[in-house]
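Keep the sequence and the 3D view open as you read.

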Amino acid sequence: MSIKIMSRVWEKSQLKGSELLLLLAIADNARDDGHAWPGLTTLAEKTRLSRQTVSKKLGALVESSELYIHAMKGY
């Protein structure tokens with residue numbers, strides 16, 4: 001868990017509701033450099049949202065430019 005990244009989310013994010021909760025759940029799994037790789041199941045459990053909803057909201061976070069997802073081939 002990175003307090004640094006979670007604090008940045010609290011201070012800088014323009015998101016509200018479940019999108020903010022999801023971003024905080026990701027930050028809760030991040031290193032201090034901002035890299036995080038929690039699975040959909042982990043995020044769904046933390047946010048109490050379905051995996052499908054988490055997947056859709058991840059797209060919204062990317063569109064908001066508050067999250068960047070780098071997909072790694074072979075993983």
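## Where we start

In which loop does R48 lie? R48 sits in the loop between α3 (40-47) and α4 (51-63). The helix names come from DSSP: helices are runs of H or I with at least four residues, strands are runs of E with at least two, and both are numbered from the N terminus.

A bit of housekeeping: this is a predicted model, where local features need pLDDT of at least 70 and side-chain atom pairs count only at pLDDT 80 or more, while totals for chains, interfaces and linings use all residues. Residues are numbered from 1 along each chain as its sequence is written, and side-chain values use heavy atoms, with hydrogens and water left out.

## Two residues with positive phi

R48 isn't a glycine, yet its phi is positive, near 65°. R48 is also exposed, with a relative accessible area of 73%. Here, exposed means over 50% relative accessible area, buried means under 20%, and partly exposed is in between (1.4 Å probe, protein chains only).

S65 is another non-glycine with a positive phi, about 65°. You'll find S65 in the segment after α4, and at 65% relative accessibility S65 counts as exposed.

α4 has 13 residues and reaches 19 Å from its first C-alpha to its last, close to the 18 Å expected at 1.5 Å a residue. That expected span is 1.5 Å times one less than the number of residues.

Which residues of α4 are buried? They are V54, K57, L58 and L61. Looking down the axis of α4, these buried residues fall within an arc of 115°, so they line one face of the helix. The arc is taken from the directions from the helix axis to the C-beta atoms. An α-helix has 3.6 residues a turn, so residues three or four places apart point the same way. On the other side of α4, Q52, K56 and E63 are exposed.

The cover over the buried residues of α4 includes α2 (17-27) and α3. K57, with a relative accessible area of 18%, is buried. Leaving out residues up to four places away in sequence, K57 touches S18, E19, L22 and L49, where contact means heavy atoms within 4.5 Å.

## The nonpolar core

The largest nonpolar core has 18 residues, and those with the most contacts inside it are L22, I26, L43, L58 and L61. Such a core is a set of buried Ala, Val, Leu, Ile, Met, Phe, Trp, Tyr and Cys residues joined through side-chain atoms within 4.5 Å. α1 (3-12), α2, α3 and α4 each supply at least two residues of this core, and α2 gives the most, with 7 residues.

In α2, the buried residues are L20, L22, L23, L24, A25, I26 and A27, and they pack against α1, α3 and α4. As for L58, its contacts beyond four places in sequence are L22, I26, L40, L43, L67 and I69.

## The largest pocket

The largest pocket has a volume of about 960 Å³. On a 1 Å grid over the protein atoms alone, a pocket is an open set of points where a 1.4 Å probe fits, with protein on both sides within 12 Å along at least five of seven lines; lining residues have an atom within 4 Å of a point. Grid points are joined across faces, edges and corners, and the volume is the space filled by probe spheres set on the points.

Of the 27 residues that line the largest pocket, I26, G34, A36, L67 and Y68 are the closest to its centre. The largest share of the lining, 4 residues, comes from α1.
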